[in-house]
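Open the structure in your viewer and keep the sequence panel beside it. Each stop below gives something to select and then says what is there.

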Amino acid sequence: MANWSQSAKCTEGEWAAVQKVCEQLQMPCERVNFEKEYWADVFQPMIDMYEQGLTPNPDLGCNKFIKFGKMIEHLAAKYDGTESKWWLATGHYARVEKASNHFNLHRAYDGNKDQSYYLASIPRSVLHRLLLPLGHHTKVEVRKMAADLGLYTASKPDSQGLCFVSPDHTKFRHFLDEFIPPKPGNIITEDGKIWGKHSGIWHATIGQRSGISMPQGDPKYSGVWFVSEKRRDTNEIVIVKGGANENLFSNKLKTSGWVWLQGKVPDDLQNISFQYRSLQDPIPIEELTVEGDEITITAKTKQRAMAPGQSIVVYQGNRVLGSGVLSQTYK
């Protein structure tokens, strides 16, 4: 499955590896292209969100619309109506478990490699078609099985980063500059004082160190400063002093576009938690309220640098309950 330019090094490298493994296993392989769909459903929405100062996660969109969207459509068109029974097997570290009359998505057994966060927004209608065998093993076990079979990819490094970002781009913001026109604005402190300029609020990430050189001889401004807010209405980036500054923390958030994986609000919302990043420790939820496709979460503890645009995933134990996009945080 190719989602980006056919000439991209990562695309060609992955395809070459697939061919070699399939040759070893004496299996047929087919290459399908979803480049146009990826651009329309994943890449351009990501660019639009960055331009608005949000912090999107394109991996969730890719899984929802492409890997478990267009790919499922492709397979259904090919095999539905035939005598073949078919499933889509992938290398994601997560588990699909059958309940009494439906299927649930769970975390992988290997917590260090769990990818359930990235799968949280896939359509529930595809769960019965999925096989996720790696979710039942650790990465070490999978490496050993591949080595025992002598597979070409047994020692292949884990994939890192986004395929569409060239290694020539040392900073992600430089890549974004190729798609978003400059929109200069001010970098300010909370008292409104201007300390510098930015060329676009997408150049900053909530919680990261600012690149502004503050007067270290003044106790009021000495120390390291961090991005606490991106004001879209005024096109300003706000910085605060210290990585543990209280203005970097909040325990309440609201999401939009919320989807429950089973299509309805669960009857039991006890002992639930959420994540706004993959692989972080689950954050216990004190209160969750539902209003249509919006939910409001109050965490039991304050969290650092939650940013609008991030994906929020709610769990009950290891089971994924639903996901949405963070729209607002509260102190």
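Is T298 buried or exposed? T298 is buried, because its relative accessible area is 9%; buried means under 20% relative accessible area, exposed over 50%, and partly exposed in between, with a 1.4 Å probe and protein chains only. This is a predicted model, in which local features need pLDDT of at least 70 and side-chain atom pairs count only at pLDDT 80 or more, while totals for chains, interfaces and linings use all residues. Residues are numbered from 1 along each chain as its sequence is written, and side-chain values use heavy atoms, with hydrogens and water left out.

**Stop 1**

Keep T298 selected and show strand β12, residues 294-304, in which it lies. Helices (H or I, at least four residues) and strands (E, at least two) are DSSP runs, numbered from the N terminus. Leaving aside neighbours within four places in sequence, T298 is in contact (heavy atoms within 4.5 Å) with N251, K252, I285, E286 and E287.

Next select T289, which is in strand β11, residues 283-291. T289 counts as partly exposed because its relative accessibility is 32%. Not counting residues up to four places away in sequence, T289 touches E294, I295 and T296.

**Stop 2: strand β10**

Select residues 272-275, which make up strand β10. Both of its faces are covered: I272 and F274 on one side are buried, and so are S273 and Q275 on the other.

Which strands pair with β10? One is β13, which runs antiparallel to β10 and is joined to it by four bridges; two strands pair if DSSP finds at least two bridges between them. In β13, Y315 is the bridge partner of S273. Another is β11, paired with β10 in the antiparallel sense over two bridges. There, F274 has I283 as its bridge partner.

**Stop 3: the nonpolar cores**

Select L105 and L130. These have the most contacts inside the largest nonpolar core, which has 37 residues. A nonpolar core is a set of buried Ala, Val, Leu, Ile, Met, Phe, Trp, Tyr and Cys residues joined through side-chain atoms within 4.5 Å. The largest share of this core, seven residues, comes from α3. The core lies between domain 1 (8-169) and domain 3 (248-330), because both give residues to it; these bounds come from an automatic or database domain assignment.

Around L130, leaving aside neighbours within four places in sequence, the contacts are F68, L88, V96 and I122. Apart from this core lies another, of 17 residues, among them I272, L288, I312 and L321.

**Stop 4: the open sheet**

Select strands β6, β5, β8 and β7. In that order the four strands form an open sheet with mixed pairing. β6 (194-198) and β7 (225-231) stand at the edges, each with a single partner strand, so one side of each is left without a neighbour in the sheet.

Zoom in on β7 and strand β8, residues 236-241: six bridges join them, and they run antiparallel. Here F226 stands opposite V240 in β8.
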